[in-house]
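Please read them with the structure open.

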Amino acid sequence: MGRTAIIRRNGMPTEKKEQQVADLQDTFSRAQVGILTDYRGLTMAEMSVLRRKLREANIEYKVVKNSLARIAAKNTGREALTDKFVGPVAVAFGFGEPPEAARAVVDYIKASKSIMTVKAGFFGDVVLEAAGVEQLAKLPSREVLIAQVIGGIQAPISGLVNVLAGPGGAIPEV
């Protein structure tokens with residue numbers, strides 16, 4: 001991180017801003033997924049409830065200063081996100097399974113009938129629009145996907161076994 005990339009006061013970067021950018025870069029680097037939200041209109045009580053619910057799912061919810069978030073996103077290879085940091089923005093950083101973070105945010109918005117909105121997100125190096133975040137939230141968990149794949153593999157084998165074990169299942173000799 002170059003000193004020229006930090007917001008300056010009187011021509012010199014402030015240590016506090018440098019530390020904030022470093023912390024954001026670390027969070028961007030560790031996160032599997034991030035959901036950018038417009039939190040405008042949430043009360044402090046609603047924000048506390050949201051943070052508590054997200055924390056239970058291993059998700060950090062941070063209100064970010066846009067200029068510092070742009071620098072952190074750019075420095076971590078997520079330059080495509082920089083134009084999304086406009087207006088009041090908070091980011092839900094997910095460190096577990098990607099659909100979990102998206103689902104937690106989308107479910108909170110629906111359940112609380114909140115005026116909070118999803119602006120965008122990222123999944124690895126892919127930038128998602130709000131609709132993409134909604135789609136990510138609808139994906140089943142990893143365990144369910146594995147079970148579906150195993151079930152798909154197992155079904156034809158079970159069918160073959162049932163046919164061979166059924167009446168007349170012996171292969172006729174020619």
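1. Two strands are counted as paired if DSSP finds at least two bridges between them. This matters for the end of the sheet, where Phe123 stands opposite Val126 in β7. Four bridges join β6, residues 117-123, to β7, and the two strands run antiparallel. Bear in mind throughout that the model is predicted.

2. On the overall make-up: the protein chain holds six helices and seven strands. Read from the N terminus, the order of elements is β-β-α-β-α-β-α-β-α-β-β-α-α.

3. Which strands form the open sheet, and in what order? Five take part, arranged β4-β5-β3-β6-β7, with antiparallel pairing. The edges are β4 (59-64) and β7 (126-129), each of which pairs on one side only. From one strand to the next the twist averages 20 degrees. As background, strands of a sheet pair through backbone hydrogen bonds, either parallel or antiparallel.

4. The largest nonpolar core contains 22 residues. Ile35, Tyr61, Val105 and Met116 have the most contacts inside this core. At least two residues come from each of β3, α2 (44-56), β4, β5, α4 and α5 (130-138). The biggest contribution is that of α4, which supplies six residues.

5. What does Val105 touch, leaving aside residues up to four places away in sequence? Its partners are Ile35, Thr37, Leu54, Ala92, Met116 and Val118.

6. A separate core of 18 residues lies apart from the largest one. Its members include Ala72, Leu81, Val91 and Phe122.

7. Some totals for the protein chain. Of its 174 residues, 36% are buried. Among contacts with a separation of 6 or more, 74% are between residues 24 or more positions apart. The accessible surface comes to about 10,400 Å², and carbon and sulfur atoms account for 57% of that area.

Terms used:
Residues numbered from 1 in each chain as written. Predicted model: local features only at pLDDT ≥ 70, side-chain atom pairs only at ≥ 80, totals over all residues. Heavy atoms only, no water. Axes fitted to C-alpha atoms, helices over the stretch in contact; angles between N-to-C directions. Core = buried A, V, L, I, M, F, W, Y, C linked by side-chain atoms within 4.5 Å. Buried < 20%, exposed > 50% of the residue type's maximum accessible area, 1.4 Å probe, protein only. Contact = heavy atoms within 4.5 Å. Areas by Shrake-Rupley, 256 points an atom, 1.4 Å probe, with all protein chains shown as cover.
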